[in-house]
Amino acid sequence: PPRIPAPTTGSCVVQACSVCKSSHLSVKMAARGKARNSTFTVDCSAPVDRTVLVTSEFADFLKANIKVAGKAGNLGDAVTVTSTSSTVTVTSNLVTKDNAAVAAVSKRYLRYLTKKYIAKESLLEYLRVLADGPNGYKITFYNLDDEEEEEE
């Protein structure tokens, strides 16, 4: 098989080929130049407008429950959680896991924690978490108008 030349800039991680176990096939870039971050946002504008949800309490919940290296609340420099009046932003540095650069907090994990917070506040019957682009979620109310029309 043809050999892939090693990149000239940045540090790289060479992984073994899954077929022949030699190190010729897969070259993954761990970091090029500056450090990369993953930034995810949770738009809470609908519940905040109706004073159902408080973003500062949600941000505190995320700070206490995000697991980094298997420990909850162990954010350190890897993860930062900030809140504004209607949004919560989670910024995660890339960490090395199994010789590949991986974000400490994934988008799916953020959705899990958001739903966990909504359930803790006993609002799971009224609120849902929808994807709002590739880097965020939006908390909205269920559309109760349709249910009222069906009952009548």
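Start by selecting Thr-140 and whatever surrounds it: leaving out residues up to four places away in sequence, Thr-140 touches Tyr-126, Leu-127, Arg-128 and Leu-130 (a contact means heavy atoms within 4.5 Å). Thr-140 sits in strand β10, residues 136-141. Helices (H or I, at least four residues) and strands (E, at least two) are DSSP runs, numbered from the N terminus. Is Thr-140 buried or exposed? Its relative accessibility is 16%, so Thr-140 counts as buried; the cut-offs are under 20% relative accessible area for buried, over 50% for exposed and partly exposed in between, with a 1.4 Å probe and protein chains only.

A quick word on what you're looking at. This is a predicted model, where local features need pLDDT of at least 70 and side-chain atom pairs count only at pLDDT 80 or more, while totals for chains, interfaces and linings use all residues. Residues are numbered from 1 along each chain as its sequence is written, and side-chain values use heavy atoms, with hydrogens and water left out.

Now colour by pLDDT, the predictor's confidence in each residue from 0 to 100. The chain's mean is 79, and 66% of its residues reach 70 or more. Confidence is lowest in strand β2 (residues 26-31), with a mean of 45, and highest in helix α3 (residues 107-120), at 95. Over residues 23-33, pLDDT stays under 50.

Next, select helix α2, residues 55-65: its buried residues are Thr-55, Phe-58, Ala-59, Phe-61 and Leu-62. Look down the axis of α2 and these fall within an arc of 155°, so they line one face of the helix (the arc is that of the directions from the helix axis to the C-beta atoms).

Move on to α3 and pick out Lys-107, Leu-110, Leu-113, Thr-114, Tyr-117 and Ile-118, its buried residues. They cover an arc of only 140° around the axis, which puts them on the same side of α3. Just after α3, Ser-122 has a positive phi of about 60°.

Last stop: the largest nonpolar core, with 26 residues. Such a core is a set of buried Ala, Val, Leu, Ile, Met, Phe, Trp, Tyr and Cys residues joined through side-chain atoms within 4.5 Å. Phe-58, Leu-62 and Val-90 are among the members that touch the most others. Finish on Val-90: beyond four places in sequence, its contacts include Phe-40, Leu-62, Ile-66 and Leu-110.
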